[in-house]
Amino acid sequence: MDEADVRDRLRAVEDPELGDDIVSLGLVNAVEVDGDTARISLALGAPYSPAETDIGRRIREVLAEDGLEADLTAKIPSDRDPDEEVLPGVKNIIAVASGKGGVGKSTVAVNLAAGLSKLGARVGLFDADIYGPNVPRMVAAEEAPQATQDQTIVPPEKYGMKLMSMAFLVGDDDPVIWRGPMVHQLLTQLVEDVEWGSLDYLVLDLPPGTGDTQLSILQTLPLTGAVIVTTPQNVALDDANKGLRMFGKHDTNVLGIVENMSTFRCPDCGNRHDIFGAGGGREFAASNDLPFLGALPLDPAVREGGDGGRPIVLEDGDETADAFRVMTENIADMVGVVQRRTVSER
């Protein structure tokens with residue numbers, strides 16, 4: 001078999017989200033046949049995404065029918081000039097946002113990053129909530145960043161994640177009272193001067209609202225997409241809608257909606273209680289034609305994990321941990337959809 005034969009076989013592999021085969025979609029970068037091995041470069045951009053893992057499995061099955069072993073690699077071709085890349089070693093940048101405070105945005109960001117790391121991905125977590133940085137406490141990160149002779153910053157690591165936060169740079173009780181230009185300058189420095197290295201995902205924990213920090217991020221970084229966190233109640237959904245419109249005005253992909261504090265299961269009676277209402281996040285996603293990424297329960301164990309510095313997604317055999325795991329996998333899948341759709345539309 002030669003390259004043309006292999007490409008023809010690969011037309012049997014469908015992308016379930018984009019609705020066509022991977023060859024017609026332009027997702028096969030290159031094919032090289034060496035004996036019984038087909039080396040294939042694929043335009044897949046979401047490492048450890050279950051959906052993209054399944055595409056790889058299907059490729060191996062199709063080629064195995066012809067006695068070929070598939071050697072797969074993945075790379076999204078870039079149409080940017082290398083000199084214009086802000087973070088050339090980072091494959092995907094995911095912003096976690098909310099229209100208001102108190103909906104558990106930081107909890108979602110921390111567990112998303114830890115969940116991706118648990119899957120095997122190389123992950124960075126950037127606490128961009130300048131005025132209320134909580135990430136170091138939520139992962140029990142006690143090691144401070146280190147400065148190199150070149151005046152770059154080496155971020156500490158915890159649970160396999162590289163970390164950066166304003167909390168590393170100010171005292172525990174020191175308020176941050178800065179105007180917009182200073183915020184923009186600091187964010188730029190914290191992103192560009194940090195040695196993030198090669199990452200599959202950089203998760204940004206944005207501050208709540210639609211202010212200077214969010215605009216600085218949107219103007220500075222090439223976001224793969226944003227995740228909007230809300231609770232089921234109408235007050236939170238009203239503000240989530242403002243966040244959604246902000247990303248729309250800046251042509252940023254919204255990966256979907258996460259509904260936090262969706263229900264509470266009483267540990268004594270076992271009944272479930274919809275303390276903040278029911279289904280609001282799912283309905284909000286449907287009305288805006290967005291993916292619903294998951295419903296996360298209101299569980300004291302989540303708070304205990306945040307205060308104790310161990311994200312609950314790292315636990316095994318726990319119902320709430322499973323909800324965060326499903327959310328993580330859904331977000332990774334949506335990152336893949338965004339990346340593959342971008343390639344197919346070129």
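What you're looking at is a predicted model, where local features need pLDDT of at least 70 and side-chain atom pairs count only at pLDDT 80 or more, while totals for chains, interfaces and linings use all residues. Residues are numbered from 1 along each chain as its sequence is written, and side-chain values use heavy atoms, with hydrogens and water left out.

Over residues 3-64, the chain is 37% helix and 27% strand (DSSP runs: H or I of at least four residues for helices, E of at least two for strands, numbered from the N terminus).

Zooming out, the chain splits into domain 1 (3-74) and domain 2 (82-345), with bounds from an automatic or database domain assignment. Their contact (heavy atoms within 4.5 Å) takes 17 residues from domain 1 and 18 residues from domain 2.

How much area do the two domains bury between them? About 1,300 Å², 62% of it on carbon and sulfur atoms; that's accessible area (1.4 Å probe) lost on putting the two parts together, summed over both. On the domain 1 side, Leu-18, Pro-47 and Tyr-48 lose the most, together 37% of what that side buries.

There are also two salt bridges across this interface (a Lys or Arg side-chain nitrogen within 4 Å of an Asp or Glu carboxyl oxygen). Arg-340 pairs with Glu-52 in a salt bridge, with the closest N and O atoms 2.8 Å apart. Helix α2 (residues 50-64) gives the most to the domain 1 side touching domain 2, with four residues.
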